[in-house]
Structures are given as structure tokens and as C-alpha cells.
Amino acid sequence: MISSLVLNLYLLAYTIFVLIQGGYILSRGMSLGRLPLVGLHDTLIFLSFSTALFALPFYKVIKKGRGGLLISCSFISLFFTVAGTFSRKVETPLPAILKTFWFELHVVLSFFSYGLFGIGAILGILYLIQKNRELEALQYRAVLLGYLIFSLSMIFGGIWAYLAWGTYWLWTPKELWTVMLWLVLTLYLHLRYRPWWKKGKGIAIVGIILYFVVLFTYMGVGLLMKSSHSF
Amino acid sequence: MIKIYNIIKSLRTTNILLTLLIVLFISGAVVMPSNKAFDDINSISLFKWLDKTPYQASWWLQGSILILLFLTLNTIVCSIESILKKRDKRQLLLTISPQIIHIGFLFALVAHLVNGMSSYHQYLLIQQGRWTFVKPGLELAIKDIEYSGDPRFMTDLKADIYYNLQDGKVYTETISPNNPFFINGLGIYLQRISMYPSPSASIEVSHEPGAIWAFIGALLFTIGTVAMVVLKMRDDSIET
């Protein structure tokens, strides 16, 4: 058990880390004259920031497992920060097709939702270890809120695509994986209505698996497949 | 008959159908990238593409359409059952918010169906000053082209266009990336401009009749999901 003094100090350091990340994103945005959301460097840093940021309200609400949540989020966030630091920065001006707030909304909301799904995965792991029902309930809230935000990001992406390319939907690997992720989320939400899934470990495991789908949708598709979202 | 009805309305059926859809889409994501049959899938309507494409490439998509048919039936029956079972006015929002989500989802499916039957995209390279036939009753010409930045990496671009309709008059409009103009059910989009060998613009002409259905579906889906999130965040034990 971590003493509350150590936990509070850790929370302070964690909060400073979040503020530094936020400050970096802001300063990079100001130097570029736009939201820094293009390329691996910017998106990894934003993902790191989203994950770290959304842990804080859950930390406030959680009764048991606070230390586990904070430490796990720190590691994940730090991993993305380091990965982002060693990734190529896109310093060129934005092409005309990306100069629209629909694109910015689409990307910002995507990464906010990814952060929430990361929190959901951590809460699921903590639930499997501690078997505390509160943790599973919080995982559900994280995923549900992430579902709303992710759905909105898809909608705004569709609006942007309609204004940019004359269609709200394109058959490319990225769009396909995005819909797959949305289907996995929908499946998670519907499985939870089934008592066997809700009471057991099954739903928590689905909540963890979907985070790997998130990561592949975000990075795997962009790096490995040719699509409108290639890095 | 009752047994079939129970299967159709069952949540277990929903979950099985969703799982099957996920598996089919994963298959599609594996098949798509390396198969040339998909090169023009975004240029013509989906059903036209399915008609001309070998089954070896399109099987996962055809399977998905079949699953979606069953999912549509399952959604409709489940929603009706849900509303009929829970008629307590105190829980009105709880009862109807998931159904609004479902209706939004169904509108999105209708959008894809309508587009799948009759959408099309046409790509034109129009040289400055030359009239180009688009369809009966519509011709386009490029009046002026402007851009900023390097010609190899333009950061802003726009084109002033002329268009004439069957009334014989000539109209003008300005288009730029993310700022198309719409006429007679068509969207006119500026994709690229080139100054060499002579000023010209790559124009896309798009017809997507399903777009309005998708927009309405998205709106309903959002309203329903926001209501659900607000209710569930307060109390996860609330059953919808």
C-alpha cells in the first residue's frame, strides 16, 4: 500500500507532467500557427497528454486502486511521450485540404477518445487484479464517454470528407479499421447488458482488447497501409 | 414462429451479428490493400462495383451487407419490444435515448444504401478558359486560378469558375479545398491546380444522395448518445 503522502507527492509530480505536456503542445501550436496534430511526433504527444489528462478525474472519483491508476497512466503516457520525442516532426505548412476546423475537431476528438479508452483498459486491468466492482463500473464510464467522443470524431471526419472529397465515406483501410473499432465499442456496450458478461471478467477483458484495436487503428494502419491517413 | 421471433429480438443475436461483422471487416482490411479490384471502389456506386467485381475480392463486403440486413431487423424488433415493455413515463428518457441512437444508426444504413445505388464521382481536368461538359444542362469553365506557396506545395488555392445551365446564362462561383459549391444535386470540388504546361484545375463532380440521410442519422445518434452518457454517468445501475 502506498502511503497517502507518497501518493499526493506523486500526484503533484504527475500533474506537473500533464501541465508541461500541455504547455509544450501550446507552444508548438503557437510556433506552427496551427494545432499541432499532423505526423507521428505531434499525435503521439497529444495522445500522451490526453491519456494523462483524463486519468485525473478518474483518480478523483476512484476509492481503491488510485496508486495503480496513476502509476499505470504515467507509464503509458511516458511511453508515448518518449516515442513521440524520437519521431519525425512535421514542420511544413498544412496543405490546403487540412485547413479546416472540421479536420481539427476530428483529430482532437479522436485522441481524446483514445485517451479515455486507455484509461478504460487500465481500469479493466486493475479490476482483474483487485476484483473491485467499482473499477469495472469506472471502466464502463470511461469507454462510454470515449464512445460518444469517438463517434463525434467520426461524424466530424465524415463532414470534413464530404466538404473535401465529395463523400462522407471512403473505402480505405483506415476507415475500415475505424468502423471496426466503433463496432468493437458497440459490442462492448451491448455485451455489458448480458449478466454473464457484466458480472464476470469477460467485459473487462473486452475493454482491454479494444485498446489494442485503438492502437492498431491509430498507428498500425497509418504506418503499414496506404490510405488517406498515412503518416 | 415464436422461437424465431425470440431469436430475432434477442440481445445475444445482436452480439453475434456484431462479432460476425467485425470478423468480416477484419477480413476486408486484409483483402483490400493488395487487391487491384478495389482501385475504383470510391469512384462508382457500391452496388455497381459489387456487380462487376469478382467474388474473391468482394465476398467479405457482400457478407457484411447480409449481416447488416439481419442487424437492421434485430434493431427494429428490439427497439419496439423495449418501448412496449417500458412504458413508465418517469423513465421516458431512459427508454427512448437508446432507441434514438438506434434510429440514427438505421438512418446511416439508409444513407449507405441510397449512395450504394446511385452515387457517382466524376474527375475532370479543366484548362483555364475552356468549357467542359459535365452533364446535360451543366458546363464548367475555369475563369481564374490563384494559389500561394510553392507551385509544388501550394498552401492555399482557389479557382473562379464559370458555369452555365439550361437557361443559357453564365454564372460564376469560387471554389477552394473544403469549399465546394452545390448545384442541381451535384457538388463541385477543387482538388488540385497546376500551372504547367498551362493553368488547369482538377475538379471532382460528386453526387451523394445519401449524405442528407447520414447527416440526420448522425444528429439523432449524437442526441441519443449524449442523453445515455448523462444518465449513465450519474448512475451506472440504471437499466435502459
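This is a predicted model. I start with a helix pair in chain A: α6(A) and α8(A) are roughly antiparallel to each other, because an angle over 145 degrees counts as such and theirs is about 170 degrees. Their axes lie 10 Å apart. For orientation, α8(A) covers residues 202–224, and α6(A) covers 173–191.

On the α6(A) side, the contact includes A:Trp177, A:Leu181, A:Val184 and A:Leu185. On the α8(A) side, A:Val206, A:Leu210, A:Val213 and A:Phe216 are among the residues involved. By type, the residues of this contact divide into 15 nonpolar, three polar and one charged.

Helix α6(A) also takes part in the second largest pocket, where it supplies at least two lining residues. That pocket has a volume of about 850 Å³. Of its 32 lining residues, the closest to the centre are A:His190, A:Tyr193, B:Leu11, B:Pro98 and B:His102. Which helix gives the most to the lining? That is α4(B), with eight residues. The lining as a whole has 15 nonpolar, 12 polar and five charged residues.

B:Thr155 is found in strand β4, residues 153–164. Is B:Thr155 buried or exposed? At 12% relative accessibility it counts as buried, since the cut-off for buried is under 20%. Leaving aside residues up to four places away in sequence, B:Thr155 touches A:Pro93, A:Leu94, A:Pro95, A:Ala96 and A:Lys99 in chain A, and B:Ser148 and B:Gly149 in chain B. B:Ile103, 52 residues from B:Thr155 in sequence, is 41 Å from it, C-alpha to C-alpha.

Methods
Residues numbered from 1 in each chain as written. Chains lettered and ligands numbered in written order. Predicted model: local features only at pLDDT ≥ 70, side-chain atom pairs only at ≥ 80, totals over all residues. Heavy atoms only, no water. 1 Å grid on protein atoms, 1.4 Å probe; cavity = no way out; pocket = protein on both sides within 12 Å on 5 of 7 lines; lining within 4 Å. Points joined across faces, edges and corners; volume = space filled by probe spheres on them. Helix = DSSP H or I, 4+ residues; strand = E, 2+ residues; numbered from the N terminus. Nonpolar A, V, L, I, M, F, W, Y, C, P; charged D, E, K, R; others polar. Axes fitted to C-alpha atoms, helices over the stretch in contact; angles between N-to-C directions. Parallel < 35°, antiparallel > 145°, perpendicular 65-115°, else oblique. Contact = heavy atoms within 4.5 Å. Buried < 20%, exposed > 50% of the residue type's maximum accessible area, 1.4 Å probe, protein only.
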